[in-house]
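Let's take a friendly walk through a protein model. Keep the 3D view open while you read.

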Amino acid sequence: MITHHPKHELLELHVKGQLPASISAAISMHAEMCPLCKDKLEELTLSQSTTVFESTSSQINTADNFDMDFSNMIDSITSSDKVYIEKPVAPKSVNVRGHEYIIPRAIDKVAQSQWQNLGKLSRARLDLNEGDLHTSLLHIDPTGTVPAHTHKGFELTLLLDGSFEDELGAYTKGDFIWLTKSHTHKPETKDGCLCYTVSSNALQFTKGLARILNPIGNFIY
Ligand SMILES: [Zn+2]
């Protein structure tokens, strides 16, 4: 069961269209897996559209702006008997080290780099052009781990498939995990996992030799 959700403020910013695309995509993907947040987003969207409508409708002079010829409009809509049927689009899948995954719709059009491997970690960058905000798909093979680290900025992880755990808990598919510099953790996965990650800065390792670990940090960021 999903136990980690985006905070209410993030959902509000998402509805207002005020988040970077990478974070908005994570919220959309989470909501597709989380009925609770899907409902919240629908409520927020409704109240947001009501607010926008009320603030703009007071500026509209109905007498001047609404003298459209509605019968002409309806005629033009119904004059063609062509029926447009939307073709179902096959979901895009990706194969990482022999594991097949479906790419969520919110990111299936985003340009993606080749997969690169480092030990049990595999990473493909998503090209969203957001400067310091780096977005990737990160795959960890079964029994893989990321060395203990904290974050100079923030690290958002959306667990797309599989499971992992750290000092802060165990995570399942759909969990939306937002960590900042107040968190230190060492993620480990028994069965492997695929994550969508957004980071604003490189990892800072808290144990072990920086010169050995920094390549891993750059790899993940
Ligand atoms: Zn949720």
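A polar contact is a pair of N or O atoms within 3.5 Å, and within protein one of them must be able to donate a hydrogen and the other to accept it. Keep that in mind for the first stop. One thing to know before we start: this is a predicted model.

## A buried charge

Let's begin with Glu-155, which sits in strand S7, residues 155–162. What is the nearest side chain of opposite charge to Glu-155? That would be Arg-125, and it is 11 Å away. A salt bridge needs a side-chain nitrogen of Lys or Arg within 4 Å of a carboxyl oxygen of Asp or Glu. Glu-155 has no salt bridge, even though this residue is buried.

So who does Glu-155 meet instead? Its side chain makes a polar contact with the side chain of His-151, at 3.1 Å. Another polar contact, of 3.4 Å, joins the side chains of Glu-155 and His-185. If you set aside the neighbours within four places in sequence, the residues in contact with Glu-155 include His-149, Ile-177, Trp-178 and Leu-179. His-185, Val-198, Ser-199 and Leu-203 are also among them.

Are His-30 and Cys-34 buried or exposed? Both His-30 and Cys-34 are buried.

## Salt bridges

How many salt bridges does the structure hold? There are five, and we'll look at some of them here.

Start with Glu-32 and Arg-105, whose side chains meet in a salt bridge at 3.0 Å, N to O. Glu-32 belongs to helix H2 (residues 21–33), while Arg-105 is in the loop between strand S2 (99–102) and strand S3 (116–118), so this pair ties together parts that are 73 residues apart in sequence. Glu-32 is partly exposed, at 48% relative accessibility. Arg-105 is exposed, at 61%.

Now try Lys-190 and Glu-165, which form a salt bridge with their closest N and O atoms 3.6 Å apart. Lys-190 is in the loop between strand S10 (176–179) and strand S11 (193–199), and Glu-165 is in strand S8 (residues 164–166), so the two tie together parts that are 25 residues apart in sequence. Why does Lys-190 count as exposed? Because its relative accessibility is 59%, and exposed means over 50%. Glu-165 is partly exposed, with a relative accessible area of 35%.

Glu-188 and Lys-186 form a salt bridge as well, with the closest N and O atoms 3.7 Å apart. Glu-188 is partly exposed at 37% relative accessibility, and Lys-186 is partly exposed at 33%.

## A leucine on show

The last stop is Leu-46, in helix H3, residues 35–57. Is Leu-46 buried or exposed? Leu-46 is exposed, with a relative accessible area of 59%.

Now look for Val-15. Leu-46 and Val-15 are 31 residues apart in sequence, and their C-alpha atoms are 9.6 Å apart in space.

Technical notes: Residues are numbered from 1 along each chain as its sequence is written. This is a predicted model: local features need pLDDT of at least 70, side-chain atom pairs count only at pLDDT 80 or more; totals for chains, interfaces and linings use all residues. Side-chain values use heavy atoms; hydrogens and water are left out. Helices (H or I, at least four residues) and strands (E, at least two) are DSSP runs, numbered from the N terminus. Buried means under 20% relative accessible area, exposed over 50%, partly exposed in between (1.4 Å probe, protein chains only). Lys and Arg count as positive and Asp and Glu as negative; His and the chain ends are not counted. Contact means heavy atoms within 4.5 Å.
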